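User: I'm just starting out with protein structures and I'd like a close look at one part of this one. Could you walk me through it slowly, and then show me what else is worth a look?

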Amino acid sequence: MESRYNLLTNKVVLITGCNRGIGKAILKKFAENGAIIYASARQSGILDVIAEELSNKYTTKIIPVYFDVRDSNAIKEVALKINKEFKRLDCIVNNAGVMEDALIGMATERNMQDTFAVNVFAVINIIQYAAKIMKKQQSGSIINISSIVGVNGNAGQIVYSASKGAVISLTKSAAKELAPYNIRVNAISPGMIDTDMFRSIGETRVNERIQKIGMKRMGSPEEIADAALFLASDLSKYISGQLIGVDGVTII
Ligand SMILES: NC(=O)c1ccc[n+]([C@@H]2O[C@H](COP(=O)([O-])OP(=O)(O)OC[C@H]3O[C@@H](n4cnc5c(N)ncnc54)[C@H](OP(=O)(O)O)[C@@H]3O)[C@@H](O)[C@H]2O)c1
């Protein structure tokens, strides 16, 4: 459903992982609301068509930027590019993430390194570069996508849940440090959302997990995008250091 409230008119935003799932829904929602978006993905060219479509449809600018979030030099270059082109950055959405389940005893060094490189270290790096620009303008909204398992834990997810728990604590620390600059930092903890990532656990487990959701259905990527829109906009201008659960009342 379209939500053209123009809540983000002329705001300059960077979103990671825009090519599918939750990131793609946030890209569309923010474009509908007038944001100028640096849309990131790692596969070169993959956003070119949607960027042009959204730019024309909503009379705004969607600028694709291609990099792997583990590459800190690439993050720096994108921050410099944004600073050069717009001299401001109003919002970042740290959405790109990976999930690899492993029971205790089966978690490999590679899984731990890869998961933390994408889900935690990249988020810290992006915040560091974004904060430099935001401090100068004395405003900004940083939105980190955590997970319900980062709050509650989950069997089989010792690595992933630890990475998403780290996202919550780094959100709170950054919120405290950046509040004097009027930079807000919040996190969203999605429950079970209908994307490739959640479906990757297999149909049987998907159906079992849905039974644990009070509302007895998966969430949609758009429902996460709605929460992100609120946090990006001035409707939340006195809210920082918070974690918004978007999970249809899930018990895990
Ligand atoms: N779906 C859920 O139920 C759920 C629940 C809680 C939290 N979350 C969180 O929500 C966020 C989005 O999840 P999703 O469900 O939309 O997942 P998804 O469909 O698997 O999409 C993940 C996105 O992250 C990107 N990405 C992964 N590694 C990257 C890297 N090294 N560099 C750049 N981009 C990278 C992917 O790019 P490629 O296409 O190139 O791989 C893709 O765009 C994640 O942080 C996830 O942990 C999801």
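Analyst: Let's start with serine 146, which you'll find in the loop between strand E5 (140-145) and helix H5 (148-152). Keep in mind as you look that this is a predicted model. Is serine 146 buried or exposed? With a relative accessible area of 3%, serine 146 counts as buried, because the cut-off for that word is under 20%. So what does the serine 146 side chain reach? Follow it to the backbone oxygen of lysine 164, at 2.9 Å. Lys164 also shows up among the residues that serine 146 touches, once you leave out those up to four places away in sequence.

Now hop over to glutamine 137, which belongs to helix H4 (residues 109-137). Its relative accessible area is 18%, and because the limit for buried is under 20%, glutamine 137 is buried too. Here again a side chain pairs up with a backbone oxygen: a polar atom of the glutamine 137 side chain lies 2.6 Å from the backbone oxygen of leucine 89. Leaving out residues up to four places away in sequence, glutamine 137 touches Lys87, Arg88, Leu89 and Asp90.

The space it takes is the largest pocket. Which elements give two or more residues to the shell around the ligand? They are helix H1 (21-32), helix H6 (158-178) and helix H7 (196-199). H7 makes the largest contribution to that shell, with three residues. In total, 28 residues surround the ligand, and the closest are Asn19, Arg20, Asn95, Tyr160 and Thr195.

An N or O atom in the side chain of asparagine 19 sits 2.6 Å from an oxygen atom of the ligand. How much of the ligand does the protein bury? On its own the ligand exposes 890 Å², and the protein buries 94% of that.

Notes
Residues numbered from 1 in each chain as written. Predicted model: local features only at pLDDT ≥ 70, side-chain atom pairs only at ≥ 80, totals over all residues. Heavy atoms only, no water. Helix = DSSP H or I, 4+ residues; strand = E, 2+ residues; numbered from the N terminus. Buried < 20%, exposed > 50% of the residue type's maximum accessible area, 1.4 Å probe, protein only. Polar contact = N/O pair within 3.5 Å; in protein donor to acceptor, adjacent residues only side chain to side chain. Contact = heavy atoms within 4.5 Å. Near = heavy atom within 4 Å. Areas by Shrake-Rupley, 256 points an atom, 1.4 Å probe, with all protein chains shown as cover. 1 Å grid on protein atoms, 1.4 Å probe; cavity = no way out; pocket = protein on both sides within 12 Å on 5 of 7 lines; lining within 4 Å. Sits in = over half its atoms within 2 Å of the grid points.
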